[in-house]
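Please read each point alongside the sequence and the coordinates.

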Amino acid sequence: MKIQGKIFIWLSVFLLAVAIVYGYWSKEPAGTTALFLAFGLAIMVGFYLAFTARRVDVGAQDNTEADVADDAGEVGFFSPHSWQPLALAVGGAFAFMGIALGWWLVYFSAPILLIGLFGWVFEYYRGENRTQ
């Protein structure tokens, strides 16, 4: 994680320099503001990664002699079969279509979104997957 922190901190230095030069040269407020906000985001992420790197063990990405296989291992648990993301996608698609076509469509998409959200959150609390 140490190298990622350094990358983001150097990115923030670059973005600050670009924001200052762009703001001075163009006198355009929207792009200058966006560049300063990008600088703020990069410095926050870089500081967080550099701060966290001191508290965790050294990873394989911090070792210059490491192989790709040194970073292998369990990534996490992923649901092998879940229909809930499909319900969330359909509800989200209808909600965003409601913004373009008419707000009345959002009222029909809200129950689909809620069913998908509650189903996804609580799918391992009942049924055949309860013990996983």
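1. Lys 27 has a positive phi of about 55 degrees, and its place is just after helix H1. The model is predicted, and this torsion should be read accordingly.

2. Which residues of H1 are buried? They are Gly 5, Ser 12, Leu 15 and Ala 19. The cover over the buried residues of H1 includes helix H2, residues 29-53.

3. An unreviewed UniProt entry carries the annotation "transmembrane region" for residues 7-25, 31-51 and 110-127. In the model, residues 7-25 are 100% helix and 0% strand, with end C-alpha atoms 27 Å apart. Residues 31-51 are likewise 100% helix and 0% strand, and there the end C-alpha atoms are separated by 30 Å.

4. Ala 110 belongs to helix H4, which runs over residues 104-121. Is Ala 110 buried, exposed or partly exposed? Because its relative accessibility is 33%, Ala 110 counts as partly exposed; the intermediate class lies between under 20% for buried and over 50% for exposed.

5. Ala 110 may also be considered together with Gly 92. The two residues are 18 apart in sequence, and their C-alpha atoms are 8.5 Å apart in space.

Note on methods: Residues are numbered from 1 along each chain as its sequence is written. This is a predicted model: local features need pLDDT of at least 70, side-chain atom pairs count only at pLDDT 80 or more; totals for chains, interfaces and linings use all residues. Side-chain values use heavy atoms; hydrogens and water are left out. UniProt positions are given in the numbering used here, feature names are shortened, and annotations may be inferred rather than shown by experiment. Helices (H or I, at least four residues) and strands (E, at least two) are DSSP runs, numbered from the N terminus. Buried means under 20% relative accessible area, exposed over 50%, partly exposed in between (1.4 Å probe, protein chains only). Contact means heavy atoms within 4.5 Å.
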